[in-house]
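Please open the structure in your viewer and keep the selection tool at hand.

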Amino acid sequence: MNWRGTATKAVGAVLALALVALVVGQLLGQPVLLSYVTTGSMEPTIGAGDGFVAVPSAVAGPIEEGDIVVFEAEEIQGGGLTTHRVVGETDRGFVTRGDANPFTDQDSGEPPVKREQVVAVAWQIGGEPVVIPHLGTVAEGVQGGVETLQFRLAGLLGTRSLLGTQGFGYLIFGLTVLLYAIDVFLSSDRRRDRARERDSGLSTRVVVGAMAASLVLAATAAMVAPAGSQSFEIVSSEFESERSDVIEAGTNESLQFTVGNGGQVPVYVYFEEGSENIDIDPDRFDVGGDELVNGTLTLTAPPETGAYRLFLTEHRYLALLPESQVRALYSVHPWLPIVVIDALIGVPFYLVGIVLVGTERVRRRDRDGPSAIDRLLARLR
């Protein structure tokens, strides 16, 4: 066995998965095991362009002073994912600061960070985060290339379905199918010496597994990308006002709330109120494909006057299971329905794919002539 070749392939696979995880995390607005910083605000702890291991907030446990968190900022660089350290906590949220910054984010105009805004926590060992140098720089380049390809394909085909997170999943799935189809087509004019080449070539299990993973990625994007926390800023005032966001202290304001589904597959949408000052009725929606459903959002002004932020967290699931089963899984943990639905999509696809294409390898032919990939490259040249 060629241990050096195996180790090289393993390292390459790990790096490829890391890049995919980084790009997908940025597209979803939710780090997938890895994240990175784009500025020098966390130096020298984490340099600009460096990656780090990110633990999703749902499983990270309580957030404490000293933790490095990834949160949805409202003011920093126009809003978006920001990675800073927690340096304090007030009754209105966490106080954060970049290690290289002389002032806290809140001194610079960012409101205190609520728990609902935190999407991940950096994994630290001995008080230091696990940093992967320059991984973010590479991911930025890959992401830019992917977005350019998406825009060009969308313009060429005249469809917006190839844009965004769902389009990214469709793109990976389509490329996987296309490459496999090309190899099979170009290999049809050659007979394979099965006995001689039994242990060489690319396993069809890997190919079908990649297709299944791409399909699962698209499904996950459809559930995760539109979900997340929404914030509503209100002012508790001493007097009534015609503005819906200025509410007399101790009273409430009811607004129409619309839930949409831009996909073709029906979805179940669940909401969690971040405090007793916000309520949505109903708290669960069944939304069909390309459908809008209305509900009622009630905002209650606290007795003390001042500005407040109220949060509403949305969880979205493809309606591939009976609603009662999804609700039971959701009651255990909001991520559990996503895991089960992904398995429901990926596992049958993989098994059916193996039955249809078999378990033979897509082989390179050294003795009988060039491989299909070699012939394809020669024709392109």
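Begin by selecting R85 and D99, whose side chains meet in a salt bridge at 2.8 Å, N to O; a salt bridge is a side-chain nitrogen of Lys or Arg within 4 Å of a carboxyl oxygen of Asp or Glu. This pair links distant parts of the chain, 14 residues apart: R85 lies in strand β4 (residues 80-90), and D99 lies in the loop between β5 (93-97) and β6 (118-122). Strands (E, at least two residues) and helices (H or I, at least four) are DSSP runs, numbered from the N terminus. R85 is buried at 15% relative accessibility, whereas D99 is partly exposed at 23%. Here buried means under 20% relative accessible area, exposed over 50%, and partly exposed in between (1.4 Å probe, protein chains only).

This is a predicted model, in which local features need pLDDT of at least 70 and side-chain atom pairs count only at pLDDT 80 or more, while totals for chains, interfaces and linings use all residues. Residues are numbered from 1 along each chain as its sequence is written, and side-chain values use heavy atoms, with hydrogens and water left out.

The structure holds 7 salt bridges. Select next R243 and D245, another such pair, at 2.8 Å from N to O. R243 is exposed, with a relative accessible area of 52%, and D245 is partly exposed at 25%.

Move on to R284 and D286, whose closest N and O atoms are 2.4 Å apart in a salt bridge. Salt bridges that share partners join R284, D286, E323 and R327 into one network.

Now display the open sheet of 5 strands, ordered β12-β11-β18-β14-β16 with mixed pairing. Its edge strands, β12 (246-248) and β16 (284-287), each pair on one side only; two strands pair if DSSP finds at least two bridges between them. Strand β11 (residues 228-237) runs parallel to β12 and is joined to it by 3 bridges. In β12, E248 is the bridge partner of S237.

Finally, select R316 in strand β18 (residues 306-318). Is R316 buried or exposed? R316 is buried, with a relative accessible area of 7%. Its side chain reaches the backbone oxygen of G260 at 2.8 Å, and a polar contact of 2.7 Å joins the side chains of R316 and E314. A polar contact is a pair of N or O atoms within 3.5 Å; within protein, one must be able to donate a hydrogen and the other to accept it, and residues adjacent in sequence count only if both atoms are side-chain atoms.
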